[in-house]
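User: I would like to learn how to read a structural model, one feature at a time. Could you take me through this one?

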Amino acid sequence: FADFRPNLRQPRTHLDVLVVAAGSQPPDGAEAAVPPSDRCPRVLGAGEMSCNPSFGGIGKGHLMREVDALDGLCGRICPAVWGLRAQIDRRRYRDGVQKEILSTPLLTVREASVEDLLLTEPEANHPGKCQVTGVVLGDGSTVCAGSVILTTGTFLRGVILMGLETHPAGRLGDQPAVGLAQTLEKLGFTVGRLKTGTPPRLAKDSINFSGLEERVPDNPPVPFSFLSKAVWIKPEDQLLCYMTHTNLKAQQIVLDNLHLNDHVRETAKGPRYCPSFESKVLRFPNREHQVWLEPEGLESDVIYPQGLSMTLPPELQEQVIRSIPGLEKAKILQPGYGVQYDFLDPRQLTASLESRLVQRLFFAGQINGTTGYEEAAAQGVIAGINACLRVQGKPPFIVSRTEGYVGVLIDDLTTLGTTEPYRMFTSRVEFRMSLRPDNADARLTHRGFEEAGCVSQQRYEQAIQMRAAIEDGIATLKSLQFSVSRWSHLVPEVPISSNRRSPLSAFDILRYPEANMDILARAIPEPLRKLAEWRELSERLKIEAAYEWCVINQQQEIEEVRRDEALRLPEDIDYFAIDASLSAEVREKLNSSRPQTIGAVSRIPGVTPAAIINLLRFVKAEKLKAFPQTGKYLPGKMYLGKATKATSQAPISAEISEEELGSTFVKTPL
C-alpha cells in the first residue's frame with residue numbers, strides 16, 4: 001500500500017496506490033508507486049522466489065537492466081551476474097527485499113487475502129464500464145485506494161498437481177485466490193488457463209559432484225545494477241554450478257508412467273521454453289537433456305536441478321533423479337509439482353497496463369500470461385509508475401518498442417496477446433543492437449526521472465554524467481584520424497587491413513577485437529589517457545564502437561521488411577522443410593496461419609522480427625533462382641529447390657518487374 005501524503009498516520013483505510021501481490025512477484029510495482037523522495041513496516045512475504053534461484057538470461061537480463069535503470073529494486077538486491085544472469089542466494093535475496101520494502105517511507109505492508117474489488121461509477125472521458133476504488137479483504141474489511149495493481153502470480157484459482165493428486169494452491173503451502181478470480185470473470189474479463197511447474201529440491205550432501213562438469217562464476221563478478229560499482233561477495237567465495245544429463249532410463253520411467261501424470265495430459269498450455277522433463281521426453285525423444293545443479297545459497301544445503309521440472313508421483317520422481325549421473329544417491333527434500341492458474345487476456349490492457357474494462361485497475365506479471373521473475377518485474381515497475389501517475393492526474397509513462405525490451409514486452413502482450421506463457425527473447429526485438437543491457441540507463445533513466453518521478457536524484461545525475469561522457473568520448477575518438485600506415489605504426493598489435501580506406505579514426509580502430517582504450521591511450525596519451533582511466537567509460541566506448549555498424553545494418557533490415565511488405569509468399573511453401581533460420585515455434589505458427597505476404601507474417605503473434613528477416617531473405621534467394629543462366633527472368637515461376645515439397649517449380653504471384661528484381665535482390669546481402 002502506498003500513500004504520498006506524508007502526515008497521515010496508521011492505520012490507513014484509504015491509500016493512493018494499492019498493490020495486491022502473491023508474495024513471489026518481485027516488489028518493483030510497490031517500489032515504483034512511491035516516489036524516491038517519499039519512500040512503515042508490518043508483515044511481509046515479498047521476495048520469496050517460488051522457482052529457480054536466479055535472475056536474468058538471454059532477453060531477461062535486458063529486462064533486469066531496464067528495471068534497474070528505472071530504479072526498480074530487484075537489480076540492486078541481486079549480487080552478481082554472468083552474461084547478465086545472476087545466481088541468487090534465496091534467503092539473502094528475500095531478506096534484502098524485505099529490508100528494502102519495510103524501510104520505505106509511506107509504504108504500508110500488510111498480509112491479507114484480497115477477495116473482491118470495490119467498484120463505483122466510471123469517470124467521464126476514460127474507457128471502462130466502472131472504476132475500482134479499493135479492495136475487500138478476507139475478513140470483510142475494506143481498503144480504499146486511488147489505483148489498484150493486481151500481481152497475483154499463479155494464485156488465481158491456482159491448483160497444484162503431483163501425479164494424480166490435485167489440491168487448490170497458488171504455491172505449495174499457500175491458498176489460491178478464488179474470490180478475486182470470480183470477481184474478474186464476472187466483470188467480463190476474458191480468462192484463460194496456463195500451467196507451469198517446478199523441479200524437486202535435492203540435498204547437497206547426497207550428490208556426487210565428482211565427474212560432473214563444473215561451471216565457474218565470473219571473476220570478478222559484475223553487478224546487475226548501474227548504481228553498484230562492485231558486489232559484496234568475494235570472487236573466491238562464489239559457489240560453483242555443475243552440469244549433468246538425463247538418459248534413456250529416465251526417459252523410459254516417464255513413458256511408462258504417463259497414465260499417472262494428470263499435469264501432462266491437461267489442455268492448459270505450459271511454458272514452451274522452460275518445459276517440464278515429461279514434455280521434453282514427449283517432444284524430443286531419445287535425447288539427453290541438460291540438468292544444471294544450482295546451489296540455493298551460500299549456507300544452504302539445497303540444490304535446485306534446473307531443467308528437471310516434473311509432476312510425476314514422488315516415488316517416481318525419485319527413480320528419475322537416481323537414474324541421472326551424480327544423483328544416484330540423491331535425497332529429495334521437496335518433490336516437484338505443477339501448478340495451473342487463471343490468466344487474463346492482456347489485450348484487455350492499455351500500454352500503461354491499465355485495464356480497458358475497469359478504470360484505475362492495473363495488471364502485472366503472470367496474470368498477463370508471462371513467465372518468470374524478470375517479465376513480472378518489468379511489468380511491475382511500469383504498472384507501479386502508471387498507477388501513481390493516474391492518481392496524480394498525469395499522462396501515462398509509455399516505453400515504446402524502439403526504447404526498450406520492456407516496451408516490446410508490453411506491446412506484444414497488449415496488441416498480440418498470448419496463448420502460452422510469454423518469455424522475452426532478443427529475437428522479439430527489432431532494435432536489439434541498440435537496445436543493449438549496457439545502455440539501459442542512457443535510454444530510460446532520464447525519462448524515469450523527468451516524466452515518471454520514479455528515479456532518485458543520485459541515479460539521474462550518474463546516468464546524465466555517463467551519457468555526456470560517452471558522447472564526448474565518441475566525438476574525441478572520431479576526431480583523431482590518421483592514415484592506415486600511421487595507425488599500423490601506432491598500434492601494431494591491431495591487424496589493420498591495408499585495403500582499408502584512409503583516413504581512419506580512433507573510433508574505427510576501436511572496432512577491432514584486438515583494440516581497446518588502453519592500447520589507444522598508450523599510442524595517443526593525450527587526450528585518450530583520461531578516457532582509458534575511467535574503466536566503466538572505457539568499456540562502454542568499446543561497446544559503442546563495436547555495435548555502431550550493427551545498429552546501422554539492423555536499421556537497414558527493418559527498412560527492407562517495410563519495403564517488401566507486399567511480397568507474396570508461395571502458396572505451397574513447406575515451412576517445416578525450408579532451409580531458413582526459423583525456430584520450431586515460428587514454423588508452427590507460419591504453417592497454421594499460412595500468410596500470403598511478408599506484411600501478413602509480421603502480424604502473426606509470436607513471429608519474431610528476426611524470423612521475418614530470415615524468411616524474407618529466403619524468399620528473395622529463391623526468387624533469384626528464377627533467373628536461368630541466360631539472365632532472363634521468368635515471370636510467375638520460382639525454383640524452390642530441395643528445401644520444400646515442390647519437386648521443381650511453384651507459381652508465385654508477386655508483381656515485381658525485372659528491373660526491380662535486379663535492383664532490390666542483387667544488392668541485398670543474402
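**Reading the model**

Analyst: Leaving out residues up to four places away in sequence, Thr311 touches Leu161, Met162, Gly163, Asn261, His263, Glu278, Gln317, Tyr337 and Gly338, where contact means heavy atoms within 4.5 Å. This is a predicted model, in which local features need pLDDT of at least 70 and side-chain atom pairs count only at pLDDT 80 or more, whereas totals for chains, interfaces and linings use all residues. Residues are numbered from 1 along each chain as its sequence is written, and side-chain values use heavy atoms, with hydrogens and water left out.

User: Where does Thr311 lie, and is Thr311 buried or exposed?

Analyst: Thr311 lies in the loop between β14 (302–306) and α9 (314–322), helices (H or I, at least four residues) and strands (E, at least two) being DSSP runs numbered from the N terminus. Buried means under 20% relative accessible area, exposed over 50%, and partly exposed in between (1.4 Å probe, protein chains only); Thr311, at 2%, therefore counts as buried. Its side chain makes a polar contact with the side chain of Asn261 at 2.8 Å.

User: What does His126 contact beyond its neighbours in sequence?

Analyst: Leaving aside neighbours within four places, His126 is in contact with Gln359 and Arg390. His126 and Gln359 are 233 residues apart in sequence, yet their C-alpha atoms are 7.5 Å apart in space. With a relative accessible area of 38%, His126 is partly exposed.

User: How should I read two packed helices?

Analyst: Two packed helices are described by the angle between their axes and the distance between the axes. Here, helix α2 (residues 60–69) and helix α11 (residues 405–416) pack at an angle of about 110 degrees, with their axes 8 Å apart, so α2 is roughly perpendicular to α11, a term that covers 65 to 115 degrees. His62, Leu63 and Glu66 in α2 meet Tyr405, Val406 and Leu409 in α11.

User: Which residues of helix α5 are buried, and what covers them?

Analyst: In α5 (residues 178–186), the buried residues are Gly179, Leu180, Ala181, Thr183 and Leu184, and their cover includes β4, β6 (142–151), β16 (337–344) and β18 (361–363).

User: Where is pLDDT under 50?

Analyst: Where pLDDT is low, the predicted coordinates should not be read in detail. The pLDDT (the predictor's confidence in each residue, from 0 to 100) stays under 50 over residues 1–11, and residues 79–83 are also below 50. For the protein, the mean pLDDT is 84, and 85% of its residues reach 70 or more.

Note on methods. Axes are lines fitted to C-alpha atoms, for helices over the stretch in contact, and angles run from 0 to 180 degrees between N-to-C directions. Angles under 35 degrees count as roughly parallel, over 145 as roughly antiparallel, 65 to 115 as roughly perpendicular and the rest as oblique. A polar contact is a pair of N or O atoms within 3.5 Å; within protein, one must be able to donate a hydrogen and the other to accept it, and residues adjacent in sequence count only if both atoms are side-chain atoms.
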